[in-house]
Amino acid sequence: MKSNTARSRAYKIFSIIVLIILAILFLFPLYWIITGAFKPAQDIYNPEPVWLPTEWVTKNFDNLFNKRSAPLYSIFGLSGPTAPAAFRWLINTVFMSVTAMILTCATAAMAGYALAKKRFMGRAILFSLIVCAMALPKQVILIPLLKEMSALKLYDSLWAVIFPTVGWPFGVFLMKQFSESIPGEILEATRIDGASEAKTFITVVLPMVKPGIGALAIFTFINAWNDYFMQLVMLPSGENYTMPLGIASLQAETSIDMGLLMAGAALASVPIIIVFLIFQKYFTQGITMGAVKG
Amino acid sequence: MKLKKVLALLLAMVMTIALVACGGGNQNDPAPSTPDPAPAATPDDNKTPDPEPAPAEPAGASEITLWTYPIGKWGDEATVKGLTDAFTAETGIAVKVEYLAYADGDDKVNTAITANAAPDLIMEGPERLVANWGANGKMVDLSDLIDDTDRSELNAAALASCTHTSGAIYEYPVVMTAHCMAINRNAFEEAGALQYINEDTHTWTTQQFIDAVAALYAHYGDTVGAVYCAGQGGDQGTRALVNNMYGGTFTNAEHTQYTWDDPLNIKALEQLKSMDGIAFDASLAGGDEIAKFYQGALKMAFCWNIAQQVNPNQADTGAEKTVTGDDIVFMSFPSEDGNSKLQGGIWGFGIFDNGDQARIDAAKEFIKFFCDSEHTVDAVKAANYFATRSSAADGSVDLSGVWADDPIMNEYTKLMPYLGDYYQITTGWAAARTAWWNMLQAVGTGDDVAAAVAAGAAEANTAAAG
Amino acid sequence: MAKQAQSKMSRVLQRRENVAGYLFMLPSLIFFLGFVIIPMFICIITSLTNTNMHDPGMFGSFIGLKNFSDLAKDQVFLKGLANTFIIVIVSVPTVCAFSLWVSSAIYKLKGPVLSAFRCIFYLPVVTGSVAVTVVWKWMYDNYNGILNSVLKSTGIVEKGINWLGDPKTALWCIILILFTTSVGQPIVLYVSALGNVDQTLVEAAQVDGATDLQVFWKIKWAQMMPTTLYILVITTINSFQCFALIQLLTQGGPNHATDTVMYYIYYTAFKLTEQSGHFGYANAMGVVLAIFIGALSALQFKLAKEK
């Protein structure tokens with residue numbers, strides 16, 4: 001018994017050490033982005049590792065901001081003042097991710113409820129279609145989608161990225177799993193009280209699936225933010241670039257000016273990381289909620 | 001409930017419109033291939049929802065798009081803005097510029113073509129504009145822009161390269177150069193390898209190259225030169241290196257067949273493979289190699305030209321210097337007698353046929369403005385290469401002295417006589433260059449050289465046969 | 001009479017259910033049908049044609065199953081298919097196992113420590129795939145990448161390894177990056193699942209003299225099954241989203257060592273090669289991939305149902 005506890009203590013210490021090493025490894029890329037963004041060229045091209053910038057410079061950011069410019073925003077043909085393109089990219093990315101998130105949550109909550117609680121015809125077929133399409137990579141439908149967007153005159157606009165994201169059925173699946181747990185008796189009771197379908201949905205269903213919507217919101221937001229592929233195909237103009245696309249284009253153009261790339265990567269990741277750290281609790285709660293029911 | 005209903009109705013409407021638009025799109029599809037001015041619905045101006053496009057102004061389109069690859073400073077926003085502003089001031093036609101990279105620029109253009117949203121103007125070389133997009137009927141024939149005076153002024157070889165076998169001219173050439181290689185002079189000095197190069201003529205022999213690499217490797221103990229093959233970017237460098245070492249060829253003189261299974265090329269590849277200081281590096285493309293050279297990691301670059309010499313790695317840190325301040329010397333590629341054949345680079349403008357005559361006319365105006373007027377000087381200077389014509393605007397603008405007061409450009413004219421055959425317009429070019437870098441990767445990973453070369457050349461020749 | 005009324009009643013009810021159901025589905029269906037199912041449908045049709053970039057028209061001429069028989073002979077495609085499956089087969093179980101181990105090691109830690117760990121493992125997800133890819137590209141660099149310089153300075157290797165340029169290592173480098181961006185969510189999920197395990201059962205088993213390992217497998221693992229299935233689903237989805245890594249790091253090279261079907265579709269469609277714009281052919285690849293993925297999803301779903 002005694003040796004057993006000794007062994008388990010040893011295991012505990014061992015696992016803590018491994019965890020700390022792993023944590024350092026996981027933090028390292030971020031550390032490397034941030035320090036890299038402030039390193040002068042000599043440090044960056046030094047074949048020996050330079051752990052901290054020998055001198056903290058902002059030249060990489062200057063280069064990033066001076067390289068390309070774009071109007072800060074353009075809505076209905078109105079353009080904002082010309083600014084470094086990186087800011088426009090950030091605005092585009094936020095707009096795209098938030099819009100995709102809202103649309104997805106709204107449509108998926110309704111559809112998930114219907115799939116779970118409404119016994120309408122074709123429900124089973126629809127649901128299996130959704131399950132099968134869930135893991136489908138967008139590359140599969142790349143060409144038809146491109147032609148469709150072109151026909152809809154949406155090519156080269158952020159909507160061309162937003163709509164397929166909303167169409168991706170994972171959200172419906174998730175919300176369906178959530179809505180399953182709504183007790184039928186409550187719905188029945190509301191119906192007997194004479195509430196309309198819409199009222200039932202808004203006053204009864206929505207509050208009950210709120211955690212699920214939270215989980216889905218996070219999931220969609222991060223996915224949209226990271227969806228490099230659709231952006232690459234659908235957004236050719238510099239002023240419609242998103243942050244990932246912008247950094248990728250910098251890499252393609254400047255080859256391996258790592259300082260500039262790190263500055264771009266820092267600009268792309270630090271805002272969202274800060275948001276994440278502030279709402280960390282809700283993030284983890286949301287994600288967890290998604291799975292407990294899923 | 002009301003809100004939901006309205007929302008649902010709205011979405012249903014969107015859906016209906018979508019479907020209708022889909023149908024419309026299909027019917028319009030054949031339009032772009034025939035330069036028929038009838039279909040007023042231009043599939044390409046989704047970016048500019050201007051209600052009055054073509055007919056409003058007599059001059060034609062009020063905005064055209066230009067997509068440019070990073071050709072000298074044509075990839076630099078401030079420079080290009082200066083140029084296009086001058087054009088806009090004179091013609092009233094606005095130019096929307098997008099900057100492409102060699103890494104994914106082709107994909108972008110192809111995507112845009114698929115989406116019926118190709119740019120009006122594109123700036124690149126004949127291997128893309130003529131051999132690919134031109135040959136596939138995507139480009140506008142520019143013959144009407146080139147009269148007899150222009151023909152007499154333009155470099156005949158450059159114009160020939162811009163002319164498709166059908167006789168159509170799909171690119172108006174602006175600048176040209178000979179691609180070369182470069183060495184890090186300080187590193188050569190340290191390794192005692194300066195004795196192998198002739199700094200005056202910028203030439204060396206294959207044996208001198210081999211000795212220099214050996215000396216550098218002995219000194220640094222690491223890769224000093226990379227046969228880069230991550231992709232097609234900068235492949236003219238690896239082709240020139242392999243072909244020149246023992247006098248192999250890439251295509252036949254008639255440009256009908258790929259001949260790079262030449263035993264002399266195999267010999268060169270085997271030689272390169274056996275050299276310790278040379279690595280076949282599948283993680284680098286041409287642009288990366290330049291950056292590595294600029295950073296000092298590599299001591300020689302095979303993807304070099306005068307624009308690089310003037311502004312290494314486009315980093316604006318001083319001409320002829322690496323990031324650490326080492327001197328860069330441009331060199332011809334090594335060959336057995338030192339008399340190499342350099343790869344030509346030709347760049348100019350092409351027009352995509354978007355089926356809108358007004359925009360095509362505006363784009364032609366742009367080409368005239370920068371290729372055949374007093375502004376040609378600015379276009380050439382921005383590109384950092386040599387003009388493809390002796391004079392412009394019917395002889396009124398002399399272009400022979402564009403670089404007269406630039407010592408680096410003058411020094412570089414020493415290499416221009418070595419300019420070799422421009423074979424990049426051979427049929428099946430895109431397949432051939434893909435086969436080339438794939439072959440280099442295969443050689444790099446240890447495949448049998450002769451077999452890899454034979455397989456690659458066979459693939460290229462299948463494409464050449466049509 | 002009563003029966004008739006009842007069936008009439010139920011028909012009315014059914015109709016109401018149908019109308020309500022579809023009204024609720026409608027907004028979602030517009031997007032799902034419009035931007036997933038219709039393109040997929042077009043994809044299937046065009047995969048039987050020689051549609052391409054250079055001929056006008058949405059559909060070229062019908063060529064039957066020729067695209068598919070060509071695919072069966074296309075070495076690059078087969079290699080890509082193999083690589084795609086290597087990525088999925090390697091990354092899904094390792095992500096699950098790794099995140100399970102990490103979670104079981106951290107879930108009993110004190111609140112702030114626990115959330116610190118959770119955050120750290122989640123960071124690569126939030127950092128964004130392109131930013132992560134770009135920094136890894138630098139770290140893998142064989143001239144001035146940190147990985148080689150550390151290995152060289154500690155004397156583990158003599159000459160730098162060309163991580164992304166060597167067909168033996170390139171795919172694993174990509175899988176590693178994919179791995180770091182995939183474990184965040186599973187760890188968060190497992191931590192909470194472990195926290196929710198019914199403690200009375202655990203205690204009862206311990207009283208009966210079960211070892212830690214037995215407790216883990218017999219009780220905790222069984223209770224976490226739904227979470228595990230969910231994780232399997234999202235990790236599989238994630239593994240198919242590795243396009244950015246390949247496009248930005250290796251473009252399918254060296255020697256097709258990192259080609260995946262997803263990348264090859266893009267390559268065939270839009271890269272400037274002689275084959276570029278062979279949309280019918282590219283769509284045929286899409287169909288093959290979709291069939292495999294559909295089967296995989298159906299399997300997972302079936303597993304979930306049995307549970």
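**Figure 1. The meeting of domain 1 and domain 2 in chain B.** In this predicted model, 18 residues of domain 1 of chain B are in contact with 21 residues of domain 2 of chain B. Two residues are in contact if their C-beta atoms, placed from the backbone, lie within 7 Å. On the domain 1 side, α4 (126-134) and α15 (407-412) of chain B are the elements that give two or more residues. Helices (H or I, at least four residues) and strands (E, at least two) are DSSP runs, numbered from the N terminus. The domain 1 side that touches domain 2 divides into ten nonpolar, six polar and two charged residues. Here Ala, Val, Leu, Ile, Met, Phe, Trp, Tyr, Cys and Pro count as nonpolar, Asp, Glu, Lys and Arg as charged, and the others, Gly among them, as polar. Domain 1 of chain B takes in 63-177 + 345-418, and domain 2 takes in 180-341 + 427-464. These bounds come from an automatic or database domain assignment. The C-alpha centres of the two domains of chain B lie 27 Å apart.

Residues are numbered from 1 along each chain as its sequence is written, while chains are lettered from A and ligands numbered from 1 in the order in which they are written. Because the model is predicted, local features need pLDDT of at least 70 and side-chain atom pairs count only at pLDDT 80 or more, whereas totals for chains, interfaces and linings use all residues.

**Figure 2. Close-up of Ala307(B).** Ala307(B) lies in helix α12 (residues 306-310) of chain B. Ala307(B) counts as buried because it has 21 C-beta neighbours inside 10 Å. The cut-offs are these: a residue is buried if 20 or more other C-beta atoms lie within 10 Å of its own, exposed if 12 or fewer, and partly exposed in between, with C-beta atoms placed from the backbone. Leaving aside residues up to four places away in sequence, Ala307(B) touches Gly72(B), Asn384(B) and Tyr385(B). Met409(B) is 102 residues from Ala307(B) along the chain, yet their C-alpha atoms are separated by 9.1 Å.

**Figure 3. Helix α8 of chain B and its cover.** Helix α8(B) spans residues 206-220 and has 15 residues. From its first C-alpha to its last, α8(B) reaches 21 Å, close to the 21 Å expected at 1.5 Å a residue. The expected span is 1.5 Å times one less than the number of residues. The buried residues of α8(B) include Thr206(B), Phe209(B), Val213(B), Leu216(B) and Tyr217(B). Their cover includes α7 (185-190), β6 (225-228), α9 (235-246) and β7 (278-281) of chain B. Gly221(B) follows α8(B), and its phi is positive, near 65 degrees.

**Figure 4. Where chain B touches chain A.** Here 33 residues of chain B are in contact with 29 residues of chain A. On the chain B side, α1 (2-28), β2 (94-99), α3 (105-114) and α11 (286-294) each supply at least two residues. Helix α1(B) gives the most, with six residues. By class, this side of chain B has 16 nonpolar, ten polar and seven charged residues.

**Figure 5. Where chain C touches chain A.** In this view, 79 residues of chain C are in contact with 75 residues of chain A. Helix α1 (residues 2-46) of chain C gives the most to the chain C side, with 18 residues. That side divides into 56 nonpolar, 21 polar and two charged residues.

**Figure 6. Val135(C) and the largest nonpolar core.** The largest nonpolar core has 331 residues, and Val135(C) and Ile174(C) have the most contacts inside it. Such a core is a set of buried Ala, Val, Leu, Ile, Met, Phe, Trp, Tyr and Cys residues joined through C-beta atoms within 7 Å. Helix α4 (residues 85-117) of chain A gives the most to this core, with 15 residues. Residues touched by Val135(C), not counting those up to four places away in sequence, are Pro29(A), Trp32(A), Ile33(A), Met262(A) and Ala265(A).

**Figure 7. Chains A and C as folds.** Chain A has 14 helices and four strands. Chain C has 14 helices and zero strands. Buried residues make up 56% of the 294 residues in chain A. In chain C, 51% of the 307 residues count as buried. The C-alpha atoms of chain A fill a box of roughly 75 × 75 × 30 Å along the principal axes. For chain C the box is roughly 85 × 70 × 30 Å, also taken along the principal axes.
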